[in-house]
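Thank you all for coming; please keep the sequence and the structure in view while I talk.

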Amino acid sequence: MGSGGALTGRLSRIRTSRNSKSVSTQKNESITLLKHPWRHIKPFVSIRQSFSTSPFNNIIPKNIPLLFPQMENRNIEKLLFYDLETTGLSGGAGTLAFLAGFGWVENDRLIINQYFLHDFPGEIDFLLLIKELLTDDKILVSYNGKSFDHPLLRTRFLMKGLKLPSISEIDLLHTSRRLWKNRLPSCRLGVIEDRILDIHRVNDIPGIEVPDIYFDFLKTNKSEPLEGVFKHHLQDIKSLAFLLAYINGQWFNPFNIPENDKTSFGKIMLFRNREEGLELLKQSFLKKDNEAGKILSIYYKRNKNLTAAVNIWKEMWNNSQELFQGLELAKYYEHKTKEIESALEIVKLLMQKENTERIMSKLEHRMKRLERKSVSG
Amino acid sequence: MTNLKDKLNTLSLDRAFTDNVTRWEKIPSRNGKYTNIPEKVFPVIKETLFSRGITQLYSHQAESFTSVTAGENIVVVTPTASGKSLCYNLPVLQKLIENPEERALYLFPTKALSQDQQSELNELILAGEIPIKVSTYDGDTPASVRVSARESGRIVISNPDMLHSGILPNHPKWIKFLSNLKYVVIDEVHIYRGIFGSHMTNVIRRLKRIANFYGSDPVFICCSATISNPLELARQIVESDLKLINKSGAPTGEKHIVLYNPPLVDPVQGIRRGVVLESSKIATKFLADKIKTIVFSRSRVRTELIASYINKNLRNHFNENKKIRVEAYRGGYLPRERRAIEKGLRTGEIQGVVSTTALELGIDIGGLDLAVLAGFPGSISSVWQQAGRAGRSNTLSAAIIIASASPVDQYLVKNPDYFFGRSPESAWINPDNIFILLDHLKCAVFELPFQDTDEFSGPVTDFMSYLEEEGVVRLSGGSWYWADRSYPAEQVGLRSASPDNIVIINTTKGKNEVIGEMDLPSAKELLFQNAVYIHRGEQYLSKALDIENKCCYVEEADLNYYTDSIVKTDIKLLQNDAEDISNTCRTIMGDVLVRSQVTKYKKLKFSTHENIGYGDIYLPEEEMHTRSAVLVLEKNTVSGKAFALIDDTLKEEVIGRIGTVLKNVAPVFLMCDSHDIAVAERLKDQYTEEPSLYFYDSCPGGSGLAEGFLKKFPLILQAANDLVSSCNCEKGCPSCIGPVSEKGQEMVKGEVSKFLRTWLFSVIDNSEESD
């Protein structure tokens, strides 16, 4: 094993042999102040407060829990919209947040606090400032926060020996996926803004570039490029508020819901026992929406209204001979009405289509059984 | 098994067989040494042991229990099937029941071993309802189970790769586990040698650092197969003192070990009958009498070949092969297929199996009677592990080891004393390999900032400022922080030195399938444009080596020649760390810069090795910093004087052959592959100005092999001498100094032999004087 001296020698040799891609770092201990309205409040932390109109003007807060059970008995003003900008996108103990934003509604205004970390040693102050906002009566609202921002924050708190209060969270990415997964190319926040909220960003910084902008700032102390990050980050939080307000608005005016969202809204509503859901799904099914038919028929079947379910399956089967309705009908004929031949006919038709191996073997099994019954019957 | 006994008897009278046997060793049976289960073992554990028929412990198990429960680090070295896992399971379960907060981490080098241990541990725990939760945490663990492993796993079974890239970088998620981590089990510690071992030390450094951060300081329990330096290796891996427990109390049945050298077919060129046919033939003899047999072979292709030959030999339509089933078993089979074969072996439905090393470690296949080793598996400890597959605790078993033509095989089969004596092989590592160390320093600073005064192997300041120049860390307020968007552990693999592997793509007839990978320096020597590349027995012709995109396109080919590249190597000694003259030459240990360039290649005809053409290679030079031992045959030393006596026209050839033969036998002592260490011979070296031999580590930064080479040099020299003098060839063959060159220098082998003898005797005299 080499001694420390040999290692130093080795180090200096690879230092000279490597491509000189190294960046010169400015050893500048003083802090670059950010422009107004940023306020420098701790040795390495600045804060900026922004105000805009609340998107929640005319709604009745107490009804939000139908969609978000966490909201039960909480006031809209307890919502805390938040987002982090981080030094890396893969997580892990070496990734930290350098910009954190929290927005809340107060007197019909949306107030957003952004905290900026000037350098690593300030992280403890940065986290303590955040902690002040995170009282346990709050409800966090995020976009993908459940799998990214929240665990990251927990890690940062742990590493500084702090405890992150346990607060419930509404992750709007999950809600968006339930609502729009089938009709949007992706459920990234940017796409939701563009296609649902009618918010169109100009000169926005792609999220992927954010870490490098921060590291460049650390090395050069030039803060201008950060302006784009601040703007991007602020918009993310505003959009969270607008998105929640939008979903809530649809919820209370279900019959204004756009045609192509009726099925997904209807499904959630039905799930939450709201009868408007049934109406929405029926409307969708009238427009030959297969998915709506599926949901409706399963609902009827579960609620022992087999006649209604069968009617839907028959109509669906007439429209297109697909597996779901075919199988349901075959089961119905075989077990309820004992029309073995009708069941057999459907199964044979299904077997002519392209199926996975597993489904194929199930169909084959069913067909053989039906054939036995058909002969013996 | 009277059956096996009779069969061995018959065989021992068969001249056609015994003529090729270089040693038939009968290791007598040995009684077990037992101790009562210690008083303080909890009743719930005792009951479990009773229910599994364990009423007493082997002495080494009891010794382990006493040491670990007293808080001592241990390394246990005992043979296969000696109840090794109880050495750690017993004390760990005891302490975990005693202290309900404490946790243990088990590290196994492979997933198969982890699974095996998990099921063994589960059986133990379920049998007696021991209230300890065991969780496996590896790449296959579903996300839903991971959380419960972290939160409530009292014993977590994982592997070093997962610890390195999954657990340590996310240590805050493991806070509960890590702050109560009390025991770390490192099984199969001898596997952690060379590069893998050098990485392992650094992973353990990181684990200790994080454990300390959370206020814990675990006890280490290591287990090793038999090598000559288990304690030294374990100490290098965990960097703490350990107690060596190496006296096995397990009983063993009588065992026959037979070393078999296939007969020469062509004595002049030193060609022997092939290992595949010989081992198929021998295994068939036993299988035909329904003796349960395992054949180990060194490659997947050979595995399939041997299995098919045996089945062909057994084929008989009239009696359905006497219902004897023989299966092949290797990597690349589906888990389901593998489990079925394992089960068949346990239940006795399958009598024979031909396997690669895939079956070597851990996997339970029940007792077999005979192991046939088709070629030495690369290290003597592997021989014992494979041979240990045959034999239950108190019955007769046998292992027949069939030598291939490779120098190591030929050396061992002709010098069986090495094999039966004290293990000659040691494992070497170099945890301070600068490249490996820097990689782990990146991971470490990602995990937790360094204070300016911190240490990691040594003071961190120099390294951190180096990484700061690279732009990945930042010094602020007296601490070093990771300041890069990447996740460094992702870019560091523990099992190889460089991530820059060349992917080999088969493009025959519009195909586009990846058939393998190779490190860049080797690729330049083996995959240059027009090179004939042999992969799993298939021939391919390299169409293009695209270094920039890290791939090589090959096409299937059917040619009667192979290619051999001519590498020009330039070596510069950069730093002379230590010098001495105890080996009757001057030896230097130091850092070197190796520049190599492949410039030309030869086309050589199969079987005759006749040169049928040349070609040029245009590839950029390869540069590597590594560690090297230098043997300088200085004028005033015995070796130098002996060398001076050689005819000038032969000197260059002779020094080249000396280098070859020393390099050929070195793996026996260094537990490495033959390509892990490289040699360069200089008739007049520019630095030493004398005839010199450089033995350097093929891994950038070194993996401890150059140091190991010097420490073991007298043994290596002895082995080289024994190999050359015992080889039957006339003028040199691939099994000793390499085939004779075209120049027809008949004298070379004689000169090499004479020189090695003189050198060896002077080294022996020298060491006796100094004793």
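Predicted model: local features only at pLDDT ≥ 70, side-chain atom pairs only at ≥ 80, totals over all residues.

Helix α4 (residues 172-180) of chain A packs against helix α8 (residues 262-271) of chain A at an angle of about 120°, and their axes are 7 Å apart. The two helices, α4(A) and α8(A), are therefore oblique to each other, where angles under 35 degrees count as roughly parallel, over 145 as roughly antiparallel, 65 to 115 as roughly perpendicular and the rest as oblique. Axes here are lines fitted to C-alpha atoms, for helices over the stretch in contact, and angles run from 0 to 180 degrees between N-to-C directions. On the α4(A) side we find A:R178, A:L179 and A:W180, which meet A:S264, A:F265 and A:I268 in α8(A); two residues are in contact if their C-beta atoms, placed from the backbone, lie within 7 Å.

Residues are numbered from 1 along each chain as its sequence is written, and chains are lettered from A and ligands numbered from 1 in the order in which they are written.

A second pair in chain A is helix α11 (residues 306-319) and helix α12 (residues 323-337), whose axes come within 9 Å and cross at roughly 130°. Chain A has 14 helices and seven strands, which are DSSP runs numbered from the N terminus (helices are H or I, at least four residues; strands are E, at least two).

Let us now turn to where the chains touch. Chain B gives 35 residues to the contact and chain A gives 32 residues. Which element of chain B provides the largest share of the side that touches chain A? That is α19(B), with five residues, and among the other elements that give two or more are β22 (473-476) and β23 (479-482) of chain B.

Those two strands, β22(B) and β23(B), form a hairpin with two residues between them, and B:G477 in the turn has a positive phi of about 60°. They run antiparallel and are joined by four bridges, and two strands pair if DSSP finds at least two bridges between them.

Six bridges hold β24(B) to β25(B) in antiparallel fashion, and B:V503 has B:E517 as its bridge partner in β25(B).

Finally, the largest nonpolar core has 257 residues, of which B:V665 and B:F709 touch the most other members. Such a core is a set of buried Ala, Val, Leu, Ile, Met, Phe, Trp, Tyr and Cys residues joined through C-beta atoms within 7 Å, and a residue is buried if 20 or more other C-beta atoms lie within 10 Å of its own, exposed if 12 or fewer, and partly exposed in between, with C-beta atoms placed from the backbone.
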